[in-house]
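Here's a quick tour of one chain fold, written for someone who likes the cut-offs spelled out. Have a look at the model first, then read on.

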Amino acid sequence: MNSTEYPVSQAVWGTVSGGARPGPARWSVAEEVPVAILVNGAHFAVVMATPADLEDFAIGFALNEGIVRDRNGLLRCAVAGAADGYVINLRVSEADALRAEARRRNLPARAGCGICGAQTLAAAVPTLPKVRGYIPRTDAVLAAYAAFPGLQEMRRENRSTHAAALCGTGGEILAVREDVGRHNALDKLAGVAARLDIDRSRCFILLSSRISFEMVQKAAAIGVPFVAAASAPTSLSLRAAEEAGLTLAVAGEGELMIFDTLTAEEPAA
């Protein structure tokens, strides 16, 4: 669902101070609205998000949060506008609804960060599914990384949104999703991946943001074996990736830093 009720950006006026052309200037800021997520009519969470591709977000969120185990478990997804945002109602089986209730986070709002809403340490750092698959060639990853900025339409407009891309083995970009929240962008991409008839073990993901633990968690749930980002991973995300069999990397201008085992010791030649 690409919303027509809300734009993805809003125009504002400000003042440029200093520089070559000081004075009044127009700027576009990213739209951010509350999205309430219900499971069989019961409250599950509220996420602050950019109101575009909300059906993709709903599918990806349901999968990545473990509300359903696969796409077929989502019986129905209804997205409706509300006074100040949107409501997503996920229809699932009674068994899935009971499991969702056990995982429910009691936060008034969150910016796509599930760990911040976890009520126990075990819930904050769960065991991730194992992933296996094809590790792409460096030239394929760098080709996709070079093309990635040109496909970020929201960021071109407001310069403040994050993006996630699903890429094929040759470096071709299959889908891009954007959001003011980096976690939301990856949830939206998970929804796209669930709808596409592709072998995700032969795909990789690009991120415009850093690789935190939850980004690794979501990538493992999607089932890709390789994630490259614009910024380095955290130590926890590296440990989690190693346990899940996921390879992490940082892409830069003409080079790729691929992370191995988390250790301060230099590997033997």
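## Strands 10 and 11

Let's start in the sheet: strand 10 (residues 226-229) runs parallel to strand 11 (residues 247-251), and four bridges pair them. Strands count as paired here if DSSP finds at least two bridges between them. Strands themselves are DSSP runs of E with at least two residues, helices are runs of H or I with at least four, and both are numbered from the N terminus. Within this pair, Phe 226 has Thr 247 as its bridge partner, and Ala 228 sits opposite Ala 249.

How does the chain get from strand 10 to strand 11? The chain goes through helix 9 (residues 235-244), making a right-handed β-α-β crossover. Right-handed means that, with the strands pointing away from the viewer, the path from the first strand over the helix to the second runs clockwise.

## Ground rules

This is a predicted model, so local features need pLDDT of at least 70 and side-chain atom pairs count only at pLDDT 80 or more, while totals for chains, interfaces and linings use all residues. Residues are numbered from 1 along each chain as its sequence is written, and side-chain values use heavy atoms, with hydrogens and water left out.

Zooming out, the open sheet has six strands in the order 8-7-9-10-11-12, with mixed pairing. Strand 8 (173-179) and strand 12 (256-258) are at the edges with a single partner strand each, so one side of each has no neighbour in the sheet. From one strand to the next, the twist averages 20°; the axes behind such angles are lines fitted to C-alpha atoms (for helices over the stretch in contact), with angles from 0 to 180 degrees between N-to-C directions.

Strand 11 also pairs with strand 12, this time antiparallel and over three bridges. Ala 249 has Ile 258 as its bridge partner in strand 12. The two strands form a hairpin with four residues between them, and Gly 254 in the turn has a positive phi of about 80°.

## What's covered

Is strand 11 mostly covered or mostly open? It is mostly covered, with five of its five residues buried; buried means under 20% relative accessible area, exposed over 50%, and partly exposed in between (1.4 Å probe, protein chains only). In a regular strand, side chains alternate between the two faces of the sheet. Here Thr 247, Ala 249 and Ala 251 are buried on one side, and Leu 248 and Val 250 are buried on the other.

Helix 1 (residues 54-64) has nine of its eleven residues buried, so the rest of the structure largely encloses it. Among the buried ones are Phe 57, Ile 59, Phe 61 and also Asp 56 and Asn 64.

## Loops and positive phi

Two residues other than glycine have positive phi as well. Asn 40 has phi near 55° and lies in the loop between strand 3 (33-39) and strand 4 (42-49). Arg 159 has a positive phi of about 60° and is in the loop between helix 6 (153-158) and strand 7 (162-168). Arg 159 is exposed, with a relative accessible area of 53%.
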